[in-house]
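These are my notebook entries on one structure. I record what I looked up and how each term was set.

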Amino acid sequence: MFKKILIANRGEIALRVQRACREMGIASVAVHSTADADAMHVRLADESVCIGPPAARDSYLNIPAILSAAAITGADAIHPGYGFLSENASFAEIVEAHGIAFIGPTAQHITMMGDKIAAKDAMRRLGVPLVPGSDGALATLAEAAEVAERIGYPVLIKAAAGGGGRGMKVAQTAGELAEAWQVARTESKAAFGNDAVYMEKYLDKPRHIEMQIMADSYGAVVHFGERDCSLQRRHQKLLEEAGSPALTAAQRDALGETVTTALKGLGYRNAGTLEFLYQDNQFAFIEMNTRLQVEHPVTEMVCNVDLVREQIRIAAGEPLGYDQSAVKFSGHAIEVRVTAEDPDTFIPNPGLITTFHPPGGLGVRVDSALYGGYRVPPYYDSMIAKLIVHAPDRAQAIARMRRAIDEFAVIGVKTTLPLHRRILDDPTFQSGEYTIHWLEKFVAGEA
Ligand code: MV4
């Protein structure tokens with residue numbers, strides 16, 4: 001087992017990884033920018049190293065500085081958290097080339113899944129259902145028009161290097177195709193330096209459902225069920241649930257069987273998430289994430305598993321040590337992402353936290369690096385806490401989340417807690433019958 005892990009991240013996820021390290025008897029090294037010298041992840045680590053100025057590209061994305069910090073502290077592994085360098089294949093490769101374990105998949109698998117066309121090719125080969133669309137990249141507008149005629153409008157043009165919805169354009173009719181083609185390619189080139197695009201049939205009312213898997217280095221793969229992440233605004237998730245209110249246990253088992261079989265065929269290792277669109281009782285794979293995700297706690301709560309501990313064990317060469325039948329699902333979990341933003345305009349509102357009083361009680365978990373007297377810096381993501389509840393069923397989880405939000409006191413900055421309270425109160429949310437479009441309408445006052 002590792003003796004010391006460097007955590008190449010900040011905020012709540014750095015704390016989350018530290019907690020697993022401490023329970024496993026592993027020392028942790030925090031890295032931080034000059035803006036984060038007073039941050040909780042630095043205060044609670046066994047050691048810390050300043051790696052640069054506030055801008056992320058000079059600190060949390062500064063590969064030479066992070067490698068130097070690992071070298072001088074003698075860390076034998078690096079956990080990247082999410083965001084920052086977590087899906088940077090060359091970082092994973094450089095770390096391993098220095099004899100340090102990267103707690104995540106191989107650089108080859110990160111590269112493969114970073115290219116959405118390569119990811120879909122692999123999943124097609126492995127028998128995972130996809131949205132009807134082009135077989136690979138589209139070379140010309142004429143080819144795009146042919147594929148669109150074959151699959152039928154509306155169609156979506158997507159960036160091969162995409163994600164987060166950038167470089168994605170809908171063409172409702174043949175008349176809109178040329179414009180969508182141009183805009184998607186131009187945006188892709190500008191955002192990712194790559195204008196490769198592909199096409200899919202546009203699904204007009206899907207849910208976003210993702211499956212959590214974990215694979216060891218010896219070919220064992222298990223899944224930990226699904227998360228419903230349909231509640232997004234501008235491709236930012238606001239609230240996640242495990243399980244999905246739309247799925248039965250039998251549907252989960254069937255999808256789980258499909259994804260574990262596929263990932264065995266791929267030789268994948270460590271944590272991964274397969275994203276699906278779900279509409280008209282059909283699943284269609286769209287992308288795979290090769291990192292621990294923000295919303296992993298809802299899975300941990302319903303499966304009673306520490307996913308970070310599993311990541312660390314696997315990276316250290318331990319076998320998973322159990323099979324799918326050992327994974328039990330119990331109750332329902334909901335997470336809300338609390339950000340330091342105006343709950344009406346979503347304008348970031350960094351500043352001094354005068355009071356921080358998190359909720360507690362049965363089935364309540366708060367993952368946060370906040371403390372009273374902390375100043376939320378303006379340089380990074382505005383998420384300040386994840387509030388997670390677990391209860392025997394969805395109705396009780398909703399009741400628990402409403403009371404936990406009411407207990408939660410964050411004074412000094414505006415937060416999205418009041419918006420979350422309104423979502424939890426809404427009959428459509430409570431019915432569980434929502435698609436990826438519902439939240440945008442709700443925040444616009446149209447739902
Ligand atoms: C789609 C889609 C409809 N049809 N693909 C958006 C980001 C990217 N990860 C995938 N996305 C979508 N792909 C087809 N064929 C609709 C979306 C989409 C979306 C997906 C998940 C959650 C929220 C979303 C919001 C808008 C569009």
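This is a predicted model: local features need pLDDT of at least 70, side-chain atom pairs count only at pLDDT 80 or more; totals for chains, interfaces and linings use all residues.

**Entry 1: terms and source.** Residues are numbered from 1 along each chain as its sequence is written, and side-chain values use heavy atoms, with hydrogens and water left out.

Entry 2: I looked up N281, which is not a glycine and yet has a positive phi of about 65°. N281 lies in the loop between β12 (270-279) and β13; strands are DSSP runs of E with at least two residues, helices are runs of H or I with at least four, and both are numbered from the N terminus. With a relative accessible area of 61%, N281 is exposed. I then turned to R234, another residue other than glycine, whose phi is positive and near 50°. R234 sits in the loop between β10 (221-233) and β11, and its relative accessible area of 60% makes it exposed.

**Entry 3: cis peptide bonds.** I found a cis peptide bond between Y153 and P154, with omega about 0°. P154 belongs to the loop between α7 (141-151) and β6. The bond from A242 to G243 is also cis, with omega near -10°, and G243 is in the loop between β11 (236-242) and α9 (249-266).

**Entry 4: the ligand.** Which residues come nearest to the ligand? I listed K158, E200, K201, L203 and E287, out of 16 residues around it; a residue is near if one of its heavy atoms lies within 4 Å. I next checked polar contacts, which are pairs of N or O atoms within 3.5 Å; within protein, one atom must be able to donate a hydrogen and the other to accept it, and residues adjacent in sequence count only if both atoms are side-chain atoms. An N or O atom in the side chain of K158 is 2.9 Å from a nitrogen atom of the ligand. A polar backbone atom of K201 is 2.7 Å from a nitrogen atom of the ligand, and for a backbone N or O atom of L203 the distance to a ligand nitrogen is 2.9 Å. On its own the ligand has 520 Å² of accessible area, of which the protein covers 91%; such areas come from the Shrake-Rupley method with a 1.4 Å probe, and for residues only the protein chains shown count as cover.

I also noted that β6 (155-159), β8 (197-201) and β13 (282-289) each supply at least two residues of the shell around the ligand. Domain 2 (132-201) and domain 3 (207-443) each give at least three residues to this shell; the domain bounds come from an automatic or database domain assignment.

**Entry 5: helix α11.** Is α11 mostly covered or mostly open? I recorded that seven of the nine residues of α11 (residues 307-315) are buried, among them L307, V308 and I312. At the N-terminal end D306 caps α11, with a side-chain oxygen 3.1 Å from the backbone nitrogen of V308. After α11 comes G317, with a positive phi near 90°.

Notes: Buried means under 20% relative accessible area, exposed over 50%, partly exposed in between (1.4 Å probe, protein chains only).
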